[in-house]
Amino acid sequence: MFAPPTFLSESFDFAALDREAAGIVALDAEGRIVWLNAAWQRFASANDDAWIARFGPGCRYVDAVEPRFRAPLEAAFERVRRTALPFEEDENGAAPMLFPAQHLRVLPVGSEGLLVELSEARTTLARATQDPASDALYRSPEGFVLQCSGCRRVHCAGEGWHWVEPWVSAPPPSTTHGLCAACAGYFVEQTRRARRQTRDDRGPR
Ligand SMILES: [Zn+2]
């Protein structure tokens, strides 16, 4: 695994993020890629050197995407840094083209870092949910669907978390809840932020 730079928050479990099926990179305050998970490296090695030269360590993520997506993405990054709230979008064009249908999520890390996560998205499962074979992909042997209570993605055995749009607002029967690695880190970090804020509000004693 790539060693996460020391300035990145301790709230996130980078070993767990490394195991995620989603492509995940961490960006520093200047928006440069400073960490990538194993899934991202697999995408990189499946492609030519030009790809890793655009989306590899040291590259500014925003500069690597298609020009028309740069300004909106930069604005979204800035908003996440300012508000410490996640940004997410379906079918985002501001992602490396070789990824499967994507759901983009950007989370704040530490004071100015960002985590960019690209999950596989299934936007047309509305019909597939009526297909027991497709539904079964997401069920444990006991028959449960595991949904992350943070991001609402559902777990697909052997494939990590998928953004299954029809299930975001209406989870299927027998859904249980857990937390994916990125959400777990985000919530730990939010709790820390809130504690710091309370301390700051109280002021020095
Ligand atoms: Zn989650």
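Predicted model: local features only at pLDDT ≥ 70, side-chain atom pairs only at ≥ 80, totals over all residues.

Trainee: What does the secondary structure come to?

Mentor: Nine helices and nine strands.

Trainee: And how much of the chain is buried?

Mentor: Buried residues account for 31% of the 205 residues.

Trainee: Which residues touch the most other members in the largest nonpolar core?

Mentor: That core has 42 residues, and the ones touching the most other members are Ile24, Val25, Leu114, Leu115, Val116 and Ala182. Strand E5, residues 113-122, supplies the largest share of this core, with five residues.

Trainee: Take Leu114. What is it in contact with, leaving aside neighbours within four places in sequence?

Mentor: Leu27, Phe77 and Val80, plus Val106, Leu107, Pro108 and Val109.

Trainee: Switching to E8. Which strands does it pair with?

Mentor: E5 pairs with E8 in the parallel sense, over three bridges. Arg122 has Val164 of E8 as its bridge partner. Strand E7, residues 154-156, pairs with E8 in the antiparallel sense, also over three bridges. There, Val154 is bridged to His162 of E8.

Trainee: Is E8 mostly covered or mostly open?

Mentor: Mostly covered. E8 spans residues 160-164, and four of its five residues are buried.

Trainee: What about the hairpin of E7 and E8, how many residues sit between the strands?

Mentor: Three. Check Gly158 in that hairpin: its phi is positive, near 80 degrees.

Conventions: Residues numbered from 1 in each chain as written. Core = buried A, V, L, I, M, F, W, Y, C linked by C-beta atoms within 7 Å. Buried ≥ 20, exposed ≤ 12 C-beta atoms within 10 Å, placed from the backbone. Helix = DSSP H or I, 4+ residues; strand = E, 2+ residues; numbered from the N terminus. Contact = placed C-beta atoms within 7 Å. Pairing = 2+ DSSP bridges.
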